[in-house]
Amino acid sequence: MVSSINILISVSVLYFLSFNNQVSVVEGSKREAQLYRDLLANYSYLVRPVRNPKKALTVTMKVFIQQVLTVDAKHQMIEVNAWLKYVWTDFRLRWNPLDYENITSVRFYGEDQIWQPDILLYNRYIEELRIQILDF
Ligand SMILES: *[C@@H]1O[C@H](CO)[C@@H](O)[C@H](O)[C@H]1NC(C)=O
Ligand SMILES: *[C@@H]1O[C@H](CO)[C@@H](O)[C@H](O)[C@H]1NC(C)=O
């Protein structure tokens, strides 16, 4: 019975924001610092990124199972090593690359910088949550 199985997940979360998937290497640029300042100047990470608060925000989620570590039939639990990938659009985090030395992507770390979806597996069993932000 799949619906009654508790899943123990050690997750590696991939934060993936849908600005632009191009990777540009820009180091220590003043414009990049300015871009972060401008993006976050009037930004609240508590506010959902929707123009109309009555509207839902679509977050797509993918689970990449890397390994099945244990299967405990008695307690109806499996332990897996998985990557979670969330994709959503935050309209506030937009800019014109021409204004910022053609920078097309930025990274954020930490939950108190930008809004992030609060997604939990309903019947999860978490013994130890290891979150790792990985580079693509
Ligand atoms: C932030 O909001 C203030 C007041 O509305 C505005 O003057 C300023 O230009 C905004 N800053 C950015 C970077 O959007
Ligand atoms: C950004 O790209 C535009 C168009 O490709 C180019 O004209 C401009 O020189 C570039 N600017 C920088 C700072 O690389």
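Let's start with the contacts of Leu69: leaving aside its neighbours within four places in sequence, Leu69 is in contact with Glu79, Val80 and Asn81. By contact I mean that the C-beta atoms of two residues, placed from the backbone, lie within 7 Å. Take Val80: it sits 11 residues from Leu69 along the chain, and the two C-alpha atoms are separated by 5.3 Å.

A quick word on the source: this is a predicted model, where local features need pLDDT of at least 70, side-chain atom pairs count only at pLDDT 80 or more, and totals for chains, interfaces and linings use all residues. Residues are numbered from 1 along each chain as its sequence is written, with chains lettered from A and ligands numbered from 1 in the order in which they are written.

So, is Leu69 buried or exposed? Leu69 counts as exposed, because it has 12 C-beta neighbours inside 10 Å. The cut-offs are 20 or more other C-beta atoms within 10 Å for buried, 12 or fewer for exposed, and partly exposed in between, again with C-beta atoms placed from the backbone.

Leu69 belongs to strand β2, residues 60-72. Among the 13 residues of β2, the count of buried ones is zero. Helices (H or I, at least four residues) and strands (E, at least two) are DSSP runs, numbered from the N terminus.

And the partner? β2 pairs with strand β3, residues 77-88, in the antiparallel sense over 11 bridges; pairing needs at least two DSSP bridges between the strands. Met61 stands opposite Tyr86 in β3. Four residues lie between the strands of this hairpin, and Gln76 takes a positive phi near 55°.

Zooming out, the protein chain reads β-α-β-β along the sequence, and 3% of its 136 residues count as buried.
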